[in-house]
Amino acid sequence: QVQLVESGGGLVQPGGSLRLSCAASGVFARIYTMGWYQETPGRQRELVATISSGGTTAYADSVEDRFTISMDNAKNTVYLQMSGLKPEDTAVYYCNAEVGHYLGTRSTAWGQGTQVTVSS
C-alpha cells in the first residue's frame, strides 16, 4: 500500500507563486515516476508535469515556462514550484506516483488532492 500526502495549496493572487509538495510512504521497492495532475469541474484530470526517478521531466504546454517539477529521491517527495500563476490554473491538484513492488509488480497511487485558487 502506497500513501501520497500533498500539501502547499491555497489562495494566491494572479502572478503569484506556490509550491506543492507530495510525500510517498508505505511499502514499495522503488518509485518510477511522480507527477501532478489538475482537475476542474466538468473536465477530466489532466497532466501538469511528471518526473522520473532519473530526473526526466515533462510538462503540459500551458505551464512549461512557469512551473518546475523536482523530486527528492531520498525523501520520496515530489515538488511543484508554480510561478506566474493565472486564474486558469485554479484547480484541484493531485499527486501521482508509479511504484514498483518487491514481487515485481507495479501500481499507481493518487493523493487526496489539494486546492489551488488563483484570484484577486
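**Close-up views of the predicted model**

**View 1. Gly10 and the residues around it.** Leaving aside neighbours within four places in sequence, Gly10 is in contact (heavy atoms within 4.5 Å) with Leu18, Gln115, Val116 and Thr117. A quick note before we go on: this is a predicted model, in which local features need pLDDT of at least 70 and side-chain atom pairs count only at pLDDT 80 or more, while totals for chains, interfaces and linings use all residues. Residues are numbered from 1 along each chain as its sequence is written, and side-chain values use heavy atoms, with hydrogens and water left out. Back at Gly10, this residue belongs to strand 2 (residues 10-12). Strands (E, at least two residues) and helices (H or I, at least four) are DSSP runs, numbered from the N terminus. With a relative accessible area of 24%, Gly10 is partly exposed; buried means under 20%, exposed over 50%, and partly exposed in between (1.4 Å probe, protein chains only). Look for Val118 too: its C-alpha atom is 8.4 Å from that of Gly10, although 108 residues separate the two along the chain.

View 2. A disulfide is a covalent bond between the sulfur atoms of two cysteines. Here it is counted when a pair of cysteine sulfur atoms lies within 2.5 Å, and that gives 1 disulfide. The sulfur atoms of Cys22 and Cys95 are 2.0 Å apart. The torsion about their S-S bond is about -85°, so this disulfide is left-handed. Cys22 comes from strand 3 (residues 18-26) and Cys95 from strand 9 (residues 91-100), so the pair links distant parts of the chain, 73 residues apart. Cys22 is buried, at 0% relative accessible area, and Cys95 is also buried, at 0%.

**View 3. Two rings meet: Tyr37 and Trp110.** Rings of Phe, Tyr and Trp (its six-membered ring) pair if their centres lie within 6.5 Å; planes under 30 degrees apart count as stacked, over 60 as edge-to-face and the rest as tilted. The count comes to 1 aromatic pair. The ring centres of Tyr37 and Trp110 are 5.0 Å apart and the planes meet at 70°, so this pair is edge-to-face. Tyr37 sits in strand 4 (residues 30-39) and Trp110 in strand 10 (residues 106-110), 73 residues apart, in distant parts of the chain. Trp110 is partly exposed, with a relative accessible area of 38%.

**View 4. Arginines over tyrosine rings.** A charge sits over a ring if NZ of Lys or CZ of Arg is within 6 Å of the ring centre and within 35 degrees of the ring normal. Find Arg45, whose charged end sits over the ring of Tyr94, 3.6 Å from its centre. Then find Arg106, with its charged end over the ring of Tyr32, 3.6 Å from its centre.

View 5. Two strands pair if DSSP finds at least two bridges between them. In this sheet the strands follow the order 1-3-8-7, with antiparallel pairing. Strand 1 (2-7) and strand 7 (67-72) stand at the edges with a single partner strand each, so one side of each has no neighbour in the sheet. From one strand to the next the twist averages 15°; axes are lines fitted to C-alpha atoms, for helices over the stretch in contact, and angles run from 0 to 180 degrees between N-to-C directions. Strand 1 is joined to strand 3 by 6 bridges, and Val2 has Gly26 as its bridge partner in strand 3. Val2, Leu4 and Glu6 make up the covered face of strand 1, while Gln3, Val5 and Ser7 make up the uncovered one.

**View 6. Strands 7 and 8, and the loop between them.** Strand 7 and strand 8 (residues 77-82) run antiparallel, joined by 6 bridges. Ser70 has Tyr79 in strand 8 as its bridge partner. In the loop between strand 7 and strand 8 you will find Asn76, which has a positive phi near 50° without being a glycine. Asn76 is partly exposed, at 24% relative accessibility.

**View 7. The hairpin of strands 9 and 10.** Strand 9 and strand 10 pair in the antiparallel sense over 5 bridges. Gly100 stands opposite Arg106 in strand 10. The hairpin has 5 residues between the strands, and Gly104 takes a positive phi near 95°.
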